[in-house]
Amino acid sequence: MALVPGSSKEAAATGLFGPYLLSEYEINHNLVGGDNGVYALGFTGKDGVFYIDRVGRSEKNLVDTLKKYEGMYKEFKFKFYETERACFDKECELFHAFTPRDNIAHPKAPKGIRLKCPVCGL
Ligand SMILES: [Zn+2]
């Protein structure tokens, strides 16, 4: 796997839907039928590969969370998950797989739940 400085190349499949343009219209249009979810923010390079600059999760409202990033990133990918645990597991998986440049710290477990990262055990 060749690493590109700056952004993390999506060499492996994220398992997320998208990419979509990070705009209010696209967010409203595509995020239907869920609340909790995981997202990846970045852009599609000239090589057609999605470069991930940030990953995260929302335990309440993924639509609102993504709208906060409008104007800061070009595109997004996402997927809804039923449980906080599923969101956390997926966020950790993406964090370790892509080490996005804007994720300075390891994802934090949901408040009030004792969960360990499925990848590093933190
Ligand atoms: Zn970890």
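Thr-99 counts as exposed because 12 C-beta neighbours lie inside 10 Å. Thr-99 has a positive phi of about 30 degrees, although it is not a glycine. Its place is in the segment after H3.

The model is predicted: local features need pLDDT of at least 70, side-chain atom pairs count only at pLDDT 80 or more, and totals for chains, interfaces and linings use all residues. Residues are numbered from 1 along each chain as its sequence is written.

The chain holds three helices and five strands. Both are DSSP runs numbered from the N terminus, with helices (H or I) of at least four residues and strands (E) of at least two. Along the sequence the pattern reads β-β-α-β-β-α-β-α. The C-alpha atoms fill a box of roughly 40 × 35 × 20 Å, taken along the principal axes. The radius of gyration is 14 Å, which agrees with the value near 14 Å for a compact globule of 122 residues. That radius is taken over C-alpha atoms, and the globule rule is 2.2 Å times the number of residues to the power 0.38. Buried residues make up 34% of the 122 residues. Of the contacts with a separation of 6 or more, 74% join residues 24 or more positions apart. A contact requires C-beta atoms, placed from the backbone, within 7 Å.

Strand S3 is mostly covered, with six of its eight residues buried. S3 pairs with S4 in the antiparallel sense over eight bridges. Pairing requires that DSSP finds at least two bridges between the strands. Five residues lie between the strands of this hairpin, and Gly-48 takes a positive phi near 80 degrees there. S3 also pairs with S5, again antiparallel, over six bridges. Tyr-39 stands opposite Phe-78 in S5. Val-38 stands opposite Arg-57 in S4. In a regular strand the side chains alternate between the two faces of the sheet.

The largest nonpolar core has 23 residues; those with the most contacts inside it are Val-38, Tyr-39, Ala-40, Val-55, Phe-76 and Phe-78. Strand S3 (37-44), S4, helix H2 (62-67), strand S5 (75-80) and helix H3 (84-98) each supply at least two residues of this core. H3 gives the most, with six residues. Such a core is a set of buried Ala, Val, Leu, Ile, Met, Phe, Trp, Tyr and Cys residues joined through C-beta atoms within 7 Å. Not counting residues up to four places away in sequence, Val-38 touches Leu-16, Arg-57, Phe-78, Lys-79, Tyr-81, Cys-87, Lys-90, Glu-91 and Leu-94.

Arg-54 lies in strand S4 (residues 50-58). Arg-54 counts as buried because it has 21 C-beta neighbours inside 10 Å. Beyond its neighbours within four places in sequence, Arg-54 is in contact with Leu-41, Tyr-73, Pro-100, Asp-102 and Asn-103. The C-alpha atoms of Arg-54 and Phe-76 are separated by 9.5 Å, with the two residues 22 apart along the chain.

Pro-19 has its place in strand S2 (residues 17-21).

Conventions: Buried ≥ 20, exposed ≤ 12 C-beta atoms within 10 Å, placed from the backbone. Contact = placed C-beta atoms within 7 Å.
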